[in-house]
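Biologist: Please pick one part of this model and take me through it closely. Then place it among its surroundings, step by step.

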Amino acid sequence: MEYWQMLSYQINTQGLTGADPSLREIVLGVEYIDTTNNYSAGEWFVLTAEEPSRTWEFDPGSATAGTVFYQGILVSTDGSTVTPISPTVASSETKTILVGTGVPPLYTIAIVPVQVDWTRISTADVTIDTNNFRFTSSNTAAQYISLDSSNYSYKVVYTLKDSSTTYTVEASPANSPVLLFPVLPPLQPVSFEVTAQDVSSLPIESIKLTVQNPRSQPLEHTFTSSQTQPYTAEIFATLTDGNWGLDYSYDYTVTYERGSGFAPFNSGTFSDVNDNSVSITEVGIREFALAADVIGGSSIITEVKVNYTSGGESRPPVSLPNTLIANTNYVPFESFEYWLEFTIYGTPPGAPGPQTGNYIQRGIDSSPPPYIYVTNPLQPKQTVFTATLSGNTTIQLTPFSEEDGNLGFPPQQKWKITGPNPGTQTLSVQQPSYTYGFQAIHDTTAGIKYVGILQSDNFYQFEAFTTDTSVTLTADQLPFSITIDPSLVNWQTVTEVQVEIWVNPNQKRNFTFTQSSGFKYFSDFYLVDQSQPLYSYEAVYQMLSGGQTRAQADNQIGTILILPPQGS
């Protein structure tokens, strides 16, 4: 027997000695148990006034992972009272056992590493108050500790086999005499992706994502221009109503390129998230860029402004190009609607004079991208007026373009572009045609209003619109047109209007209107010795709810048809 192998515990008592002893004897059983090595040793002691303390020594050999337990009884001096000593764990540090009168009771806590998934866990560290224990797949024996109070605090920390992930459970106060280990939840994959459209066009250096993994250390990932792939975070599930699910939080910080002058943007914390995938669409800025041909050079656009609402509130318009800053110019993560206003003044190439007006272009309705590239909405259009005449018959013609529209939100957002006015042009046998050039938003629907006088044996005045690229005028017919105005359509409940209009039921024409449509024109001719014919129409409204409503009228007179807000 080697001395260094001996274990020694000192047993001390109170109440057996002194001027007024309260105990006659103490019967105490001490036992050492090492379940790992399948070893135990024990001894009973009777402590009296003649021998109030004892030393217990034993040689466990290689079984050094055990615990010393003691229990027994206290016998009063007259033998009438016997008080039990509950099973208690002796301190392995002081190796001292104190029993007797006035000794505060100790509370034994058993630490039992059951339901630990050792296929996923490398170590399980337990702290009870200030006492530390470590368990591994090769060390799963229960451990015991005695405390002065039945209430205690504990922390269990699992370290997963990847050596970088931990899972922690804490409680205070706890009072169970048996500390059972918590179940390690499953890990569930959650995909994070920067889906903001055209984000590569913005001066962003990096987007740092931080995911608060429940009961574990935060997960971090940085997106850059060279690292744009989705990031998958393995997040511990949370048990709710008996089912595993997700409940996590995250935030991210956008850092901009040094020369941009923008301060970093933090998203703030998104809490109680249970989605399996997260799209990052808000990056702290909204940049409106202009194509090179929008302003300057031969462009007739002199200014572009963005009008917008953020969080339902109107903000002051801003001239472009420009960058809107979150929390300064707009509220991030709130609704954002915008429309562009183009101011037009200038003479297009080859046109007889200047065009003036303004054009309203509605932006993307929902989730507009943070980078918006504004292009020139104008495109050239020409209409050739040709007169088929004879003799001295002439047509005095005054054309000028008009393009009108109303986006339907709000009502004041009407737009109108008036084209060059070349003055009166005379068409005759000698000069039978005239070409009118201008720039238009919608080249297929942009109208030219032309006022004229047909002079033959009599004078005949006419006024009409056309959207055609060629118009043929004769001496026996006069042009007329019906302007179809969608300004009153309720685009909050209507998605599209199909209009059918006719003079002759066998020659109907169809027009389609949406929220971004301008005015459209029905054009025809009638004989010079007759009056302008009556027209009829039917409008079919496609409703946001999925149904249809209709509006119709027969034998209408006039030159303008204002569509009702919706049908019935």
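Modeller: A strand here is a DSSP run of E at least two residues in length, and strands are numbered from the N terminus. By that count, L340 is found in strand 29, which covers residues 336-346. Keep in mind that the model is predicted.

Start with L340 itself. Is it buried or exposed? Buried means under 20% relative accessible area. L340 has 3% relative accessibility, so it counts as buried. Who touches it? Leaving out residues up to four places away in sequence, L340 has contacts with F288, K305, V306, L320, Y359, I360, Q361 and V374.

Now a strand seen as a whole. In a regular strand the side chains alternate between the two faces of the sheet. Strand 15, residues 187-194, has a covered face made of Q188, V190, F192 and V194. L187, P189, S191 and E193 make up its uncovered face. Strand 15 pairs with strand 18 (residues 231-236) in the antiparallel sense, over six bridges. There, L187 has F236 as its bridge partner. Strand 15 also runs parallel to strand 24 (residues 277-280), joined by four bridges. Here V194 stands opposite I280.

Four strands form an open sheet, ordered 3-2-5-6, with antiparallel pairing. Which strands stand at the edges? They are strand 3 (39-47) and strand 6 (82-89). Each has a single partner strand, so one side of each lacks a neighbour in the sheet. On average, neighbouring strands of this sheet are turned by 10° against each other, direction ignored.

Take its pairings one by one. Nine bridges link strand 2 (residues 23-34) to strand 3, in the antiparallel sense. D34 is bridged to Y39 of strand 3. Strand 5 and strand 6 run antiparallel and are joined by six bridges. G72 has I85 of strand 6 as its bridge partner. These two strands form a hairpin with five residues between them. In the turn, G79 has a positive phi of about 75°.

Rolling a probe the size of a water molecule over the atoms shows where empty space is left. The largest pocket holds about 1,100 Å³ of space. It is lined by 40 residues, and V89, A90, S91, L106 and S146 are the closest to its centre. Which strand gives the most to that lining? Strand 6 does, with six residues. Strand 1 (7-14), strand 5 (67-76), strand 7 (96-100), strand 10 (131-136) and strand 11 (143-147) are among those that each supply at least two. By class, the lining divides into 21 nonpolar, 15 polar and four charged residues. Strand 6 thus links two parts of this account: it is an edge strand of the sheet, and it gives the most to the pocket lining.

Note on methods: Residues are numbered from 1 along each chain as its sequence is written. This is a predicted model: local features need pLDDT of at least 70, side-chain atom pairs count only at pLDDT 80 or more; totals for chains, interfaces and linings use all residues. Side-chain values use heavy atoms; hydrogens and water are left out. Two strands pair if DSSP finds at least two bridges between them. Axes are lines fitted to C-alpha atoms, for helices over the stretch in contact, and angles run from 0 to 180 degrees between N-to-C directions. On a 1 Å grid over the protein atoms alone, a cavity is a set of points where a 1.4 Å probe fits but cannot get out, and a pocket is an open set with protein on both sides within 12 Å along at least five of seven lines; lining residues have an atom within 4 Å of a point. Grid points are joined across faces, edges and corners, and a volume is the space filled by probe spheres set on the points. Ala, Val, Leu, Ile, Met, Phe, Trp, Tyr, Cys and Pro count as nonpolar, Asp, Glu, Lys and Arg as charged, and the others, Gly among them, as polar. Buried means under 20% relative accessible area, exposed over 50%, partly exposed in between (1.4 Å probe, protein chains only). Contact means heavy atoms within 4.5 Å.
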